[in-house]
Amino acid sequence: MTLEESVRLLIQAKSCSARDDCIITIFLNCALRLSELASLNIEQVESDIISIIGKGNKERKIFLTPAAKHSLSKWLAIRSTLQIDNNALFISRNKGRLTTRSIQNVVKKHIVAAGINPKGLSTHKLRHTAATLMYKYGHVDIRSLQQILGHESIATAEIYTSCG
């Protein structure tokens with residue numbers, strides 16, 4: 001996605017539920033994998049950092065942008081008022097953990113509502129988009145990006161940023 005499309009998607013998500021806004025914002029600000037986002041628990045969110053358990057059960061810490069912090073605090077304030085007995089960060093209407101399929105549906109719904117062609121777009125493309133935007137506009141160097149993405153190889157991070 002382009003920077004302009006990413007901004008349109010973020011604006012669209014803000015006009016809906018705090019949960020959906022938080023999902024889209026985290027994807028575009030933290031470059032998580034779908035499975036990582038779906039498995040997030042409340043205790044993995046600190047004031048400025050989220051702890052991610054990635055591939056190979058490796059933990060990494062990602063600093064939250066101001067937008068991600070704001071979005072998370074709005075969602076956590078709402079989530080704390082719900083009678084829920086599990087620690088999943090993102091929950092469904094039925095008060096269970098949001099599934100990966102449900103998250104994909106949330107993303108697609110907002111992509112379409114933002115007037116963006118959904119063909120070829122996926123949650124994984126949001127990860128690529130986030131990495132590319134961090135590299136091009138966020139002044140994040142390739143080594144830092146490698147750590148954010150949880151990649152063993154810089155070459156893989158370069159592929160994600162469309163700069164390799």
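Analyst: Helix α2 passes helix α4 in a left-handed crossing. This is a predicted model. α2 covers residues 18-30, and α4 covers residues 66-79. Their axes come within 9 Å and cross at roughly 150°. An angle over 145 degrees counts as roughly antiparallel, so α2 is roughly antiparallel to α4. On the α2 side, the contact is made by Ala18, Arg19, Asp21, Cys22, Thr25, Ile26, Asn29 and Cys30. On the α4 side, Ala67, Ala68, Ser71, Leu72, Lys74, Trp75 and Ile78 take part.

α2 also packs with helix α1, residues 3-14. Here the angle is about 155°, and the axes lie 8 Å apart. α1 and α2 are therefore roughly antiparallel to each other. Their crossing is left-handed. From α1 come Ser6, Leu9, Leu10, Ala13 and Lys14. They meet Asp20, Asp21, Ile24, Thr25 and Leu28 of α2.

The patch is made by Leu3, Val7, Ile11 and Tyr137. Its area is about 380 Å². Tyr137 is found in helix α6, residues 123-137.

Definitions and conventions
Residues numbered from 1 in each chain as written. Predicted model: local features only at pLDDT ≥ 70, side-chain atom pairs only at ≥ 80, totals over all residues. Heavy atoms only, no water. Patch = residues over 30% accessible without salt bridge, like charges linked within 9 Å, V, L, I, M, F, W, Y side chains within 5 Å. Areas by Shrake-Rupley, 256 points an atom, 1.4 Å probe, with all protein chains shown as cover. Salt bridge = Lys/Arg side-chain N within 4 Å of Asp/Glu carboxyl O. Helix = DSSP H or I, 4+ residues; strand = E, 2+ residues; numbered from the N terminus. Axes fitted to C-alpha atoms, helices over the stretch in contact; angles between N-to-C directions. Parallel < 35°, antiparallel > 145°, perpendicular 65-115°, else oblique. Left-handed = near helix turned anticlockwise from the far one by under 90°. Contact = heavy atoms within 4.5 Å.
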